[in-house]
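Please find below a short note on the model under review. The points are numbered and can be read against the coordinates.

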Amino acid sequence: MAAQTALTSLVLPILPEILLLVLVIVVLGADVFWREAEREKLGWLTAAGLVVILVAAIVYSRPLEGSGLVFGGMLRHDWPAFSFQVIFLFAAAVTCLLSIGLPGMGDQGEYYALIVVSTLGMNLMAASADLIMLYLSVETTSIPLYILAGYMKRDDRSTESGLKYFLFGALTSTVMLYAFSLLYGFSGETNLYRLAAGLQSGGISSWVVGGVVVLSLVGFGFKIAVAPFHFWTPDVYEGAPTPITAFISTASKAAGFAVLVRVMLVAFPSIAITWTALLAAMATATMTIGNLLALAQHNIKRLLAYSSIAHAGYALIGLVALSELGTASLVFYLVAYVVTNLAAFAVVILFARSAGSEEISDYAGLSRRSPGLALVMLVAMLSLAGMPPLAGFVAKFYVFAAAVQSGWIWLAFVGVLNAIAGLYYYMTVLKVIYLYRSEDEDKPIAVPRPHALALAVCVVAILAVGTISAPWLDWAIAAARGIF
Amino acid sequence: MHFPILTVIVFTPIVMALVILMLPSERHGLIRGFALTGALIAAGLSVVAYLSYDQVAGGYQFVEQHAWVPALGITYHVGGDGMNLPLVLLTGVVIVTGVLISWGVDDRPREFFAFLFVLATGVFGVFVSLDLFQLLFFYEIAVFPMYLLIAIWGWKVTREYAAMKLTLYLFIGSVVSLVGALAMYFASGMGTFNMLELEHAAFSPAFQRLWFPFVFLGFAVLGGLFPFHNWSPDGHVAAPTAVSMFHAGVLMKLGAFAALRVGIMLLPEGARFWAPVILVLATINVIYGAFIASVQTDFKYVIGFSSVSHMGLVMLGFATLNLDGLTGAGLQMFSHGVMTALFFAVVGMVYDRAHTREIPKLGGFSKVMPLVAVAFIVGGLVSMGMPGFSGFVAEFPIFLGLWQVQPIVALIAALGIVITAAYIMRVVGGVFFGTMPAELSGHIGPIRSQDKVALVILAGLLILIGVYPAVMAPMVQSGASAVLRVLGGV
């Protein structure tokens, strides 16, 4: 009995990760043994597997009260990790659904296997409590994504995207690794939860620690695409296969935030005044750059790329607020952003399949061509712009509330002014969709079943998060409390 | 457990919007039928709520409160009193007449009515909100559909420009108010968005003086307060008829009402401190709006600027901070809402037939559509504040209140009425009388019976309140005295 309990307590916290590994093997096996025609169903298989894992995670590996470090302090089984894992699994499942039927990708086992491996890395990122584990999980996440971004081997833009993503990623992760080595040197600790004490007892000057924070921010800043580490975003987003763009812009960004929040709040509370000021400046720059550059875009994927930069800025405000509400609002913001952005990219994917274009001007007449799809885009754009009753409004409301609560009133004003610039370009897209006419209005846009399912799930989620936000906020607050 | 009448009023339009969206897009008759049914349900219930309000008991009635986001003290909380129930009624009237006027919308009527009804839910929601978060939530729901309604179905020449300008102006206003609302929430330290509790928050005078301009002006943008009125004439002109009616008739009241309920009632000390500034700005509204209206040659711009002028009177009423002024402001919101809806309906009918709105190119319309001419003249008399019409009932108390505070402002603002009389007469003379230009005569078709019904409802209300003010004045007065109790006066 005792042995069984010990085994359970060892396995259950990492049950989703174990199952993800099993899923990788299943998918690769199916790829080998299934016939050509059956491989079309690989996307369904992976998505179903991810949903099963999601359910299993919610049922079996919800963190209990007082649950803490597991696996020799490598991982921490707690609410923040769990909440983020739910986000990743959801985003990965939707990504797989959206990939079905894509030529050259939708029927290939390794494509789905790479998505699952990357999801595994993200799960570990969110739970990492140790610098070594952290670095390994970041790489486990990133390397499959580099390959996926460049998956369309014969497409120059895709290969450029993959290479650019890889070069930026490798450079920034090197800098981050250097920061980690310095941290170990100063404190003699690799565990995040003992690091702060180690730095304190080591008598390290806060200036030096501040420098290390800046170096590690290079790595985190790359993952979440905040200024000034955002330059890769538009090119990578534009060139990568669109489902992968959706995945990078949602799950991978959320994973970056998971790490950022934990490291900053756990390892560097002593110099919080310094890094909140730094992050406030970065948030301001990120929002402003993202929104201003988005104004000038003609390609929908580039527009969403800049918009995703801006959203990272809004989310950062939650961390700057340095409060329970702040951290909770960040988690909430990411949930809202992930479901909304997935819906937007789903429309982009469907439109590109039928119309073969990613230019915003080609969306003219979409509301006559496919009223349903136009309505989904309307919901997604308005949610990104922060309009009620959609998820984006409450998310922004909580973030700004956290900023005002902590006295960052100027930052809240910067945020709301940016929201106005954001509204402008989201409306421009809607204007093209609803107002302009096109010659192709009689050509309908096909919405295959997996995509319809993904769209429905995302739209329901956007509305659910936006209107009945209490349970999600309570969950986010639990996650914020669980960091410590 | 009584019937949740206000909740049903608020959510009927949005439910109907979803139902309409599910109908097949080519069944125009069915779509219109559903739209009219939804509008009639909402309007009927708002009449019931209005009539069954117990003025003797006073206070908020039909109150409902449900937990929404307990972690932040946000509740779904609605209630009606003498100030907001007339506005709910106004919204009901305008949505019914708006649907009737829009019978001829042929381009994607399904989306048109759906967006219009989403807007209506936002408007109803703001008027009955007793929770600050809920108010902001519905406020933004009311702002956005405007963009699509104007951009898609508006006047081809200026619609894109006007729709974008309008939406950005209003969004800037609402987000500035939102930050102000958050500042109040945290400064109160009470952990609640319940406005009835926040009224007792006792914010420090310095806090109130600092934040009042943000909150009040943020909402007053939608109320058309000078110098933030610029979006409004452009927006009104570019919008399709029903949307102009909704916009000038109801949405501008939304801004004024929110400025009253959040700005003045939650930050009374700030209101007293800034009242002189509002007086000056609102006086400029009245005079400047009337002057600009009188030099317009475009029929619809005349009405657009007249709205700016009349909303100035509402703001003047607020700024008096006394019983007469506030009562007058409340009545003026209703009276102007109905009047301007009537005006825009008439403009739409004339334009649909003449295909021009240039006053010099029009004339003699009283012969071909006498009912329209009569209705417009009724609206015109209301607008001039003629006794026997609702405009007098509304404007007289405003000036009465104003005289007690600043007689000079009352005198200056009264000039606005003279100018109003001038431009209304000019329009009546130029459009409805005289001789019809040769290229128009013989081409002007009759108006639809739906249009006639709408005009009769609107004009009838204006006359009813004018000859029998007791149907509304005591109600609004009870609401105004409740406001004053919060302000600590009387």
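1. Charge in chain B. The 20 positive and 21 negative charges of chain B have mean positions that lie 8 Å apart. The model is a predicted one, and this separation is computed from its atoms.

2. Surface of chain B. Of the 490 residues in chain B, 68% are buried, where buried means under 20% relative accessible area.

3. Fold and dimensions. Chain B is built with 20 helices and two strands. Its radius of gyration is 21 Å, close to the 23 Å given by the globule rule for 490 residues, so chain B is as compact as a globular protein of that length. Along the principal axes, the C-alpha atoms of chain B fill a box of roughly 70 × 55 × 40 Å.

4. Contacts within chain B. Among contacts in chain B with a separation of 6 or more, 81% join residues 24 or more positions apart.

5. Interface with chain A. On the chain B side, 39 residues are in contact with 42 residues of chain A. The size of an interface is often given as the accessible area lost when the parts come together. For chains B and A, about 3,500 Å² is buried between them, with 83% of it on carbon and sulfur atoms. Which residues in chain B lose the most area to chain A? They are Phe144(B), Phe171(B) and Phe186(B), which together make up 16% of what that side buries.

Conventions:
Residues are numbered from 1 along each chain as its sequence is written. Chains are lettered from A and ligands numbered from 1 in the order in which they are written. This is a predicted model: local features need pLDDT of at least 70, side-chain atom pairs count only at pLDDT 80 or more; totals for chains, interfaces and linings use all residues. Side-chain values use heavy atoms; hydrogens and water are left out. Helices (H or I, at least four residues) and strands (E, at least two) are DSSP runs, numbered from the N terminus. The radius of gyration is taken over C-alpha atoms; the globule rule is 2.2 Å times the number of residues to the power 0.38. Buried means under 20% relative accessible area, exposed over 50%, partly exposed in between (1.4 Å probe, protein chains only). Contact means heavy atoms within 4.5 Å. Lys and Arg count as positive and Asp and Glu as negative; His and the chain ends are not counted. The place of a charge is taken as NZ of Lys, CZ of Arg, CG of Asp or CD of Glu. Buried area is the accessible area (1.4 Å probe) that two parts lose on being put together, summed over both.
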